[in-house]
Amino acid sequence: MLRLLAAVNALVERILLPLSIAGLVSGLVLAASGRHDLAGIAWGSPAVVIGIWLAASIVRDLVHREAGVDVIAVMAIGGALAFGEYLTAAVIGVMLATGDALERFAQGRAHRELSALVSRAPRIVHRHEDGSIADRPVVEVRVGDRLLVKPGEVVPVDGSITGDPAVLDESALTGESRLANKGAGDPVSSGTVNAGAPFDLIATATSEHSTYAGIVRLVEEAQSSKAPFVRLADRYALLFVPLTLVLSGIAWLTSGDPIRALAVLVVATPCPLLLAAPIAIVAGISRCAKRGIIVKGGGAIEALARAKVLLFDKTGTLTAGRPNLADIVAAPGWTPADVIRFAASLEQVSPHVLAAAIVSGARTRNVPLELPERAEEVPGSGISGSVGGVDVLVGTAAFAGRGAELPAWARDVRRRVNLEGATAVYVATDVMIGALVLDDPIRPETPRVIRSLRRAGVRRTVMVTGDHAGVADMVGAAIGVDAVLAERTPVDKVDAVNEEKAEAGGILIMVGDGLNDAPALAAADVGVAMGARGATASSEAADVVITVDRLDRLPEAIRIAHRARYIAVQSVVAGMGMSLVAMVAATAGLLPPVAGAMVQEAIDVIVILNALRALRGGLEKAPHIPGWNAIGGKLRHEHRGLGNSIARLRPLADSLGSLPAGQARVELESVRSFLVSDLVPHEEVEDREVFPLLAAAVGNDDVTAGLHRTHTEIFHLVRLTDRLVGELPEAGPGPEDLTDLRRVLYGLDAILRLHMAQEEELYLSLGDMPQDIHDTTQVERSAA
């Protein structure tokens, strides 16, 4: 029954405008031909239909305990018909029908991105069954099912690619139009679109627990809530009814003319309160959704717009959240290939978070692995087993060293990781043979995001982490936050949120990604979850979920929220101001009913179109550089290669005193070749080709002046290294050579790390390049 009534109402809404226009035009034709009696019928009949439809709408609102202000429009139509002002009634009908159509158009535009996300959810999958393909409902998919995804189809569930590679359009989730290439074993999120040939997918989640289903649930929640400002506007709209009746009564009493009272009823429009505010807020939510930011309702977006204090979790939020193998340190007599082969072969069967990084690092280095004959996980310590008949231990220093005193090289590794805030995994057979250095690099966009947040109005930024103070302070200094709170448990994070809220006296945002962040997200005024890889609990507890792995979406969300709220307030104030002026003019007799209806419609159109401005503008614009995608791809490829070689500089400088002279010469010659043949040509190409493009886009070369100066110093140190290595005796460096060699290697290491970080920030700020341009090594760690 409810569906039938809804269908009838939708049909009536669609015919109101053509019906009212037809009545108005036919009445004008009849009046011009002298048939005034028929003209009155032509004008009055559609007005009666519209009046009845509005009366039914009022009753429906009252049933849902929502007071409707359409009573003013019903009174205006009824008054016009009662006083014989049939033309006025017809014009009011046309204006009301036009306003209804405009409202539906505006609501559709404001909800468009949200509705698109919901409507494109897959319903059918193509599942491999007994050697054939069968179409099945998506709800029947189970983990482990093999599915076929055809060209142009939306990936139905989360899974991993098997067989042929795939080309995916991830724009629905990320807001970016780039295509992503995925190979066998790569994870794929539901909601992406197959932009290439058909491929097979092994389901790793059911439809209910897949990425896209979670996004759809969040979107539906967002569509069903109202912002506090919108609810306040609704209450003010109720006050508008008695105000209108009072002014209408005054007009009648002072003039003795009921038509003047009718004119007041005609021009009275609460549209700026009832339509403009919610349209602007929903437009902001919809715009966020297009950028991969799901805002759970108007209250959250309004709170975002007023936030002044922001707390971040560190791991996975400010850092990449994915440990990567930064360095391999081999004990004397062993090679890095031996260390990583034994460790990665054993770690293949470990569920530990560091195991995946170690195995991935081995595969990146093309190290052949073999399955262990046996393996035993020791929680909190490491893993032991047998690889190729050799007993292997991988884990903490105490575990791999079997409790014995660490050798000198291992103590150097331990000291190094403590200084850098990295993690060391030690590897042993019958003796300790090496160590793997893993780090969680700062997100490349993080320092830029902190600056952008300050420009967006955030006064204070605080990093809250469970890490020890030394690492936390180093990361905090590198990214530029105002305060660092280290060694905080989940309960301590909640206390930190409450303390900062009390001190700030305003709206506070908490940003996190893990299960341990969920209590703090719930305690904050606005909880923001990095939902691309974060825990379901954090996404459920949050008010805002960023569905792409991009921290720079956070200042975007705040700027969109600022603009949406500003436009909502602007539309209400300006619209109600114009409406009140028109009502006063009608009270004074300056605005007759027909003209008043046109003025009322003009006000509605102005405020609604103004509210739709929240769909665009307000974001920081990056300089446009033609062809930057191609240039960015080339830079990304080159920097990956450079990063691995740069990572060798400091370990080589550290080990020069302990390496045999002949081996030291070989290592130094390799570094010399890299610097002269690879690094310098790359930097020279940037000087000649890339920097001029940046300068032209910005309008001056100040933006690249510091980078030019850094290049000059790099070239100087490369020339010095080339000369020092070239002058070494055949037998290798002697004690007298080590001081100068170490000095120049340490200098190169420091300046190249800094230079990489500078270029990374600059290139990423252009906004037209993959964020992992330097997604390779610990070179990203600007704190180093």
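Modeller: Let's start with R443: it is buried, with a relative accessible area of 2%. Just so you know, this is a predicted model, where local features need pLDDT of at least 70, side-chain atom pairs count only at pLDDT 80 or more, and totals for chains, interfaces and linings use all residues. Residues are numbered from 1 along each chain as its sequence is written, and side-chain values use heavy atoms, with hydrogens and water left out.

Biologist: Why is R443 called buried?

Modeller: Buried means under 20% relative accessible area, exposed over 50%, and partly exposed in between (1.4 Å probe, protein chains only). R443 has 2%, so it counts as buried.

Biologist: What makes R443 and E445 a salt bridge?

Modeller: The rule asks for a side-chain nitrogen of Lys or Arg within 4 Å of a carboxyl oxygen of Asp or Glu. Here N to O is 3.9 Å, so the pair passes. E445 is buried too, at 1% relative accessibility.

Biologist: How are E669 and R672 placed in helix α25?

Modeller: They sit three residues apart in that helix (residues 661-698), so about one helical turn separates them. Helices here are DSSP runs of H or I, at least four residues, and strands are runs of E, at least two, numbered from the N terminus.
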